[in-house]
Amino acid sequence: FFFIDNSVSSCGMAPKKLVSKKDRRKCSWRFILDLTHPVEDGILSSENFGQFLKERMKVSGKTGNFGSIVQIEQLKNKIMVTSEKQFSKRYLKYLTKKYLKKNNLRDWLRVVASDKESYELRYFQISQDDEESENED
């Protein structure tokens, strides 16, 4: 059975497209935060960071309004955020930077996009040559 779908879905499908009932799936956005380096060095706790995200993340303009729309999973040194509603990767970066600033880690760690769906926390690269030249002066 086919029918004409006149509504525009959040998945970005064009209106008036023939869609079978079996093909209709919920779109989901999945982002991964890789905390491997700071967690292994004992600087950052993935449990505390996951709790921070649960407390501060806004869904539909309200904090803590996850319901079944957004799930946060902790996988060892990674945190996976899955959402059925459209969700901004940039918002995840904003919250991560806010957490780093709150815990005075912003001077040593930065948030880098490792691919289209994930962020990674990396240390700032401090070159040894600059420090040695300052000591000689």
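Biologist: What does E117 count as at 40% relative accessibility?

Modeller: Start with the scale: buried means under 20% relative accessible area, exposed means over 50%, and partly exposed is what lies in between (1.4 Å probe, protein chains only). The areas come from the Shrake-Rupley method with a 1.4 Å probe, and for residues only the protein chains shown count as cover. E117 has 40%, so E117 counts as partly exposed. Across the chain, buried residues make up 30% of the 137 residues.

Biologist: What should I know about the model before reading on?

Modeller: This is a predicted model, in which local features need pLDDT of at least 70 and side-chain atom pairs count only at pLDDT 80 or more, while totals for chains, interfaces and linings use all residues. Residues are numbered from 1 along each chain as its sequence is written, and side-chain values use heavy atoms, with hydrogens and water left out.

Biologist: How many helices and strands does the chain have?

Modeller: Helices (H or I, at least four residues) and strands (E, at least two) are DSSP runs, numbered from the N terminus. This chain has four helices and nine strands. Their order from the N terminus is β-β-β-α-α-β-β-β-β-α-β-β-α.

Biologist: Which way do strand 8 and strand 9 pair?

Modeller: Two strands pair if DSSP finds at least two bridges between them. Strand 8 (residues 109-115) pairs with strand 9 in the antiparallel sense, over six bridges. L109 stands opposite Y123 in strand 9. Strands 8 and 9 form a hairpin, with two residues between them. Strand 9 (residues 118-123) also runs parallel to strand 3 (residues 29-34), joined by three bridges. In that pairing, look for D34 opposite E120 in strand 9.

Biologist: How many salt bridges are there?

Modeller: Side chains of opposite charge can pair when their charged atoms come close. The rule used here asks for a side-chain nitrogen of Lys or Arg within 4 Å of a carboxyl oxygen of Asp or Glu, and the count comes to two salt bridges. One joins the side chains of R30 and E117, at 3.9 Å from N to O. This pair links distant parts of the chain: R30 is in strand 3 and E117 in the loop between strands 8 and 9, 87 residues apart. R30 is partly exposed, with a relative accessible area of 40%. The side chains of R122 and E120 also meet in a salt bridge, at 3.4 Å from N to O. R122 is partly exposed at 32%, whereas E120 is buried at 14%.

Biologist: Which residues form a positive surface patch?

Modeller: A patch takes residues with over 30% relative accessible area and no salt bridge; like charges are joined within 9 Å, and nonpolar side chains (Val, Leu, Ile, Met, Phe, Trp, Tyr) within 5 Å. Lys and Arg count as positive and Asp and Glu as negative, while His and the chain ends are not counted. Each charge is placed at NZ of Lys, CZ of Arg, CG of Asp or CD of Glu. Here the positive patch consists of R56, K58, K98 and K102. R56 lies in helix 2 (residues 46-56) and is partly exposed, with 34% relative accessible area.

Biologist: How far apart are the C-alpha atoms of I79 and I32?

Modeller: They are separated by 5.7 Å, although the two residues are 47 apart along the chain. I79 lies in strand 7 (residues 78-83) and is buried, at 0% relative accessibility.
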